[in-house]
Amino acid sequence: MTEPFEPKLVTTDWNEEWKAMQAARKHPDDPTEWNARAKTFPTSHGPQSTYVDRFLQLAGIRPGETVFDMGCGTGALATPLAEAGHHVIAADFSSGMLEKMRAEQGRRGINPNLVRIVQMSWSDDWAAHGVTDGCADVAVASRSIATFDLKDSLLRLTRAARRRVCITLPCSVSPRIDARLLRAAGLQRRLGSDFVYAFNILAAEGVAPEVAYIPSKRYESFDSLAEAQDSLADIVRSAARNRVDAPELDRACERVRAWVADNLVENPRAGEVDHHGVEQKRYRLRESRQITWAFLAWDAQALD
Ligand SMILES: C[S@@+](CC[C@H](N)C(=O)[O-])C[C@H]1O[C@@H](n2cnc3c(N)ncnc32)[C@H](O)[C@@H]1O
């Protein structure tokens with residue numbers, strides 16, 4: 001007689017695996033790190049508009065609907081939504097991000113009554129901050145879920161919404177790492193993909209999320225070959241640490257360094273200011289880094 005077969009899909013606790021991966025991360029989620037990043041975080045559409053426009057198109061927010069934007073950053077979504085007349089609750093744990101968003105909305109003449117800015121973290125008591133169950137028609141979390149307890153975050157977001165929930169997560173272990181780096185490192189099949197955890201956790205809760213993909217491109221520039229090699233090898237190291245053993249990780253990083261040496265070119269835009277307001281350096285990779293974001297959306301009532 002054949003053994004009964006139980007698919008891993010229903011017998012694995014994906015949130016426990018997610019937690020183990022998060023525990024192995026180099027840095028715990030920390031607002032001071034995000035406050036530092038806020039200084040060069042863009043506030044206007046610019047080159048990011050493809051991502052923002054595609055997100056908003058897929059989100060299908062209806063005229064007059066209210067939106068809760070968790071991890072709003074400098075307002076990539078909250079600002080155009082308020083500009084379009086939506087009431088928005090814009091929440092983030094980084095005061096630096098929120099200040100930048102407030103300043104940008106002031107510059108654009110957005111009615112401050114349309115945006116309720118809330119400084120809170122994914123793990124805070126949301127109700128104590130006035131973010132109660134069903135507080136908005138649509139809840140969104142764009143590129144902002146790096147929490148320890150993914151299931152808790154997904155359920156909180158769902159409870160906050162009356163109609164629809166929309167999130168994006170990377171189709172990789174981190175938006176800092178692209179498929180080329182993983183291939184160069186020889187780790188492309190070893191590290192998994194963040195959005196699959198969200199999909200599987202939701203599926204286990206009986207939710208059937210829609211999935212779409214939003215590609216985006218980025219260039220980083222470097223002063224020297226050594227800086228590029230150190231920086232890109234470090235990205236692989238922090239994404240793979242505690243997932244592959246130390247000697248294999250060292251070999252993977254050496255392969256990345258060799259690949260960078262073959263692919264670093266003079267930056268034709270050196271000296272120009274990028275959309276982060278930072279002057280571009282002398283070298284960059286021949287091809288831009290491709291990041292694919294998975295967009296997941298579901299019915300907020302699906303959990304009831
Ligand atoms: C990559 S940015 C994305 C910002 C914006 N949603 C966008 O798509 O451009 C991630 C944001 O999530 C916020 N964030 C990260 N961890 C958080 C946490 N535990 N609680 C609240 N906000 C968090 C950061 O401060 C940052 O503003």
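Author: Gladly! The shell around the ligand holds seven nonpolar, seven polar and three charged residues (Ala, Val, Leu, Ile, Met, Phe, Trp, Tyr, Cys and Pro count as nonpolar, Asp, Glu, Lys and Arg as charged, and the others, Gly among them, as polar). This is a predicted model, in which local features need pLDDT of at least 70 and side-chain atom pairs count only at pLDDT 80 or more, while totals for chains, interfaces and linings use all residues. Residues are numbered from 1 along each chain as its sequence is written. W34, G71, G73, A76 and S142 come nearest among the 17 residues around the ligand, where being near requires a C-beta atom, placed from the backbone, within 6 Å.

Now to the domains. The chain is assigned domain 1 (8–219 + 290–303) and domain 2 (220–287), with bounds from an automatic or database domain assignment. Taken over C-alpha atoms, the centres of domain 1 and domain 2 are 26 Å apart. Between them, 20 residues of domain 1 are in contact with 21 residues of domain 2 (C-beta atoms, placed from the backbone, within 7 Å). On the side of domain 1 that touches domain 2, helix 8 (residues 179–185) gives the most, with three residues; helices are DSSP runs of H or I of at least four residues, numbered from the N terminus. That side of domain 1 comprises eleven nonpolar, five polar and four charged residues.

Next, two helix pairs. Helix 7 (residues 150–160) and helix 9 (residues 194–204) have axes that come within 10 Å and cross at roughly 65° (axes are lines fitted to C-alpha atoms over the stretch in contact, with angles from 0 to 180 degrees between N-to-C directions). Helix 7 and helix 9 are therefore roughly perpendicular, a label for 65 to 115 degrees. Their crossing is right-handed, that is, the near helix is turned clockwise from the far one by less than a right angle. From helix 7, L150, K151 and L154 meet Y197, A198, I201 and L202 of helix 9. This contact has six nonpolar residues, no polar ones and one charged.

Helix 10 (residues 225–240) and helix 11 (residues 246–263) cross at roughly 145°, their axes coming within 9 Å. This crossing, too, is right-handed. Helix 10 contributes L225, A228, Q229, L232, A233, V236, R237 and A240, and helix 11 contributes L249, A252, C253, V256, R257, V260 and A261. By class, the contact of helix 10 with helix 11 has twelve nonpolar, one polar and two charged residues.

Conventions:
Angles under 35 degrees count as roughly parallel, over 145 as roughly antiparallel, 65 to 115 as roughly perpendicular and the rest as oblique. Two residues are in contact if their C-beta atoms, placed from the backbone, lie within 7 Å.
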